[in-house]
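Okay, thanks for making time, everyone.

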Amino acid sequence: MKTSISRRAALGLGATAAASALLPLETWAAPAKHRVVVWSEGTAPKEIYSNDINGAIADGFKKSLPDWEVVLAGIDDPDQGANEESLKRTDVLMWWGHKRHREVKDEVVEAIFKRVNEGGMGFISLHSSHFSKPYKRLMGTKCSWGEYKADGTSVSVTVKEPDHPICQGVKDFELPKIERYGEPFAVPEPEAVPLDGQYTKPDGTKAPGRMGLCWTIGKGRVFYFTPGHETYDDFFRPEVQLIMANAVKWAARQ
Ligand code: ZN
């Protein structure tokens, strides 16, 4: 009891919360549903993403992942939307960040790292989240791209590994605008690159850029997706929505 009292005090729980925390699990736990937490930092322009990027992605999941519990989380939530209790119940955490990477607390990063490594949670890093703290921690490298240009570049996204679960039902497609993240990408050698890409710059010249990369880190699966700049509507596009749903299922080993 001593441990639970001091822990309660440390968490600052009120009497009601403390009492419910002591109830046996079976009395309140919902039937075990797979759970994806879609996290973003609330900085996307409202004229494109009125409900931020996590809202747009979660809307897509209503159709594509009907049996899943889909949870929105963000940096302004208590515990920055990713405490240990929540992570423990989460199969996959998707992360979109850009301007507020530095605000993410180290204890949040460590909790995510541990949950992926030891608990097998999937982690999906989107676009500018290549520089997010949790993704960098998982990769253990700089995670920088060779260049960053939002200059009207377009991209052809190609299905490079048609049998990969992330490519199920996905056909090659174009994004008319993309922020160009040029190679090289300073990450460990991926175990798979299901989606490749070729940029076309405004002057017509071409450049390669990998679009979807996979790793296994400890017990967990990690996917990085290159598109998803906040001023483009990528997350409303059906092809991207399909990739997101496939990636969640793959990361959850479903
Ligand atoms: Zn961007």
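Predicted model: local features only at pLDDT ≥ 70, side-chain atom pairs only at ≥ 80, totals over all residues.

Before anything else, a term: I call a residue buried if 20 or more other C-beta atoms lie within 10 Å of its own, exposed if 12 or fewer, and partly exposed in between, with C-beta atoms placed from the backbone. Numbering starts from 1 along each chain as its sequence is written.

So let's go to strand 4, residues 122–126. How many of its residues are buried? Five of five, so to speak: the strand is mostly covered. Look at both faces: Gly122, Ile124 and Leu126 are buried on one side, and Phe123 and Ser125 are buried on the other. As a reminder, side chains in a regular strand alternate between the two faces of the sheet.

Now the neighbours. I say two strands pair if DSSP finds at least two bridges between them. Strand 3, residues 92–96, pairs with strand 4 in the parallel sense over four bridges, and there methionine 94 stands opposite isoleucine 124. Strand 12, residues 220–225, is also paired with strand 4, parallel, over four bridges. In that pairing isoleucine 124 stands opposite phenylalanine 223.

Elsewhere, strand 1 (residues 35–40) and strand 2 (residues 69–74) run parallel, joined by six bridges, with serine 40 opposite glycine 74.

On to the crossovers. Right-handed here means that, with the strands pointing away from the viewer, the path from the first strand over the helix to the second runs clockwise. Strand 1, helix 3 (residues 52–64) and strand 2 form a right-handed β-α-β unit. Strand 3, helix 5 (residues 106–119) and strand 4 form a right-handed β-α-β unit too.

Let's stay with helix 5. Which of its residues are buried? Val108, Ala111, Ile112, Arg115 and Val116. They sit on the same side of helix 5 because they cover an arc of only 125° around the axis, taking the arc from the directions from the helix axis to the C-beta atoms. The face turned away from that buried side carries exposed Asp106 and Glu118. Just after the helix, glycine 120 has a positive phi of about 80°.

Next, the core: a nonpolar core is a set of buried Ala, Val, Leu, Ile, Met, Phe, Trp, Tyr and Cys residues joined through C-beta atoms within 7 Å. The largest one has 63 residues, and those with the most contacts inside it are Leu93, Met94, Ile124, Phe223, Ala247 and Val248. Helix 7, residues 238–251, gives the most to this core, with eight residues.

Contact, by the way, means C-beta atoms, placed from the backbone, within 7 Å. Apart from neighbours within four places in sequence, methionine 94 is in contact with Val36, Val38, Trp39, Ile57, Ile124 and Leu126.

Last stop, helix 7: 10 of its 14 residues are buried, among them Asn246 and Lys249. Covering those buried residues are elements including strand 1, helix 3, strand 3 and strand 4. After the helix comes arginine 253, with a positive phi near 55°.

Technical notes. Helix = DSSP H or I, 4+ residues; strand = E, 2+ residues; numbered from the N terminus. Contact = placed C-beta atoms within 7 Å.
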